[in-house]
Amino acid sequence: MDGLNHEEKLRLTVHSEVRKMCREVGGQIKMELDKDAVSVIAELVWRKMCVISQDLEHFAKHAKRSTINAEDVKLLARRNPSLRAIVCRMADDAVKKKRQNKEKATEDLS
Amino acid sequence: MDIEGYDISKLTSKFKIEALREILKVHFVDSKTRITEDTLQLVAEVVRVLTTEATLRAGRQAHIEGMTEVRVSHVEKILPQLMLDFI
């Protein structure tokens, strides 16, 4: 890993995470992916992450915030109803869980 | 599991949150930009869905062509629609 700059190391990380995931999915659908197919998917995921990063930053900035939040991710998914549903459900579950933990904490104190 | 009935909740692999944070940070323009851990979990899920869809669609394409190994040509065929679905 010496001699690799920061971005190259991150690309390798994406490649290895994607490979792990593709192998698991492949195993579940009983298909194998050849290594070049995995590389192409890893490259497209890397490029999508670059675009996602810039979009999220712009959305937060537009709302006059410097911290990206769930609303920004929901906005990112606005054009795909099923993806948006996934994001909304996960965000709502996280809010519910936080509220429950808070209630439990106040209960324990009293 | 077959491709059409694929259940993503059965997928155990997840993206490492701290790696995701580093990757997003590299592309931020403003050094003041931050992202919370909860929000990173949401982004991780979006990326997980993207990776899974790419794999499933390429797998379906390979299956249609009577193959059990997914090649670059299969990924190339499904790429345009995948990109349109994830705009």
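The following paragraphs describe the interface between chain A and chain B of a predicted model, and then two residues of chain B.

The contact between the chains involves 58 residues of chain B and 50 residues of chain A. Putting the two chains together buries about 4,900 Å², and carbon and sulfur atoms account for 72% of that area. Polar interactions are also present: 18 residue pairs are in polar contact between chain B and chain A, counting pairs in which both residues have pLDDT 80 or more. On chain B, the elements that each supply two or more residues to the side touching chain A are helix H1 (17–27), strand E1 (34–35), helix H2, strand E2 (69–70) and helix H3 (72–85). The largest contribution comes from H2(B), with 19 residues. Sorted by class, this side of chain B holds 31 nonpolar, 13 polar and 14 charged residues.

Four salt bridges are found across the interface of chain B and chain A. In a salt bridge between Lys61(A) and Asp30(B), the side chains meet at 3.6 Å, taken from N to O.

The chains are also joined by strand pairing. Strand E2 of chain A, residues 67–68, pairs with E1(B) in the parallel sense, over two bridges. Within E1(B), Arg34(B) is the residue that stands opposite Thr67(A).

Helix H2 of chain B covers residues 37–64 and includes Arg57(B); Val49(B) lies in helix H2 of chain B as well. Val49(B) has a relative accessible area of 9% and is therefore buried, since the cut-off for buried is under 20%. Leaving out residues up to four places away in sequence, Val49(B) touches residues of both chains: Leu83(A) and Ile86(A) in chain A, and Ile8(B) and Phe86(B) in chain B.

What does the side chain of Arg57(B) make a polar contact with? The partner is the side chain of Glu53(B), at 2.7 Å. Beyond its neighbours within four places in sequence, Arg57(B) is in contact with Ile78(B), Gln81(B), Leu82(B) and Asp85(B).

Notes:
Residues numbered from 1 in each chain as written. Chains lettered and ligands numbered in written order. Predicted model: local features only at pLDDT ≥ 70, side-chain atom pairs only at ≥ 80, totals over all residues. Heavy atoms only, no water. Helix = DSSP H or I, 4+ residues; strand = E, 2+ residues; numbered from the N terminus. Polar contact = N/O pair within 3.5 Å; in protein donor to acceptor, adjacent residues only side chain to side chain. Contact = heavy atoms within 4.5 Å. Buried area = accessible area lost by both parts, 1.4 Å probe. Nonpolar A, V, L, I, M, F, W, Y, C, P; charged D, E, K, R; others polar. Pairing = 2+ DSSP bridges. Buried < 20%, exposed > 50% of the residue type's maximum accessible area, 1.4 Å probe, protein only.
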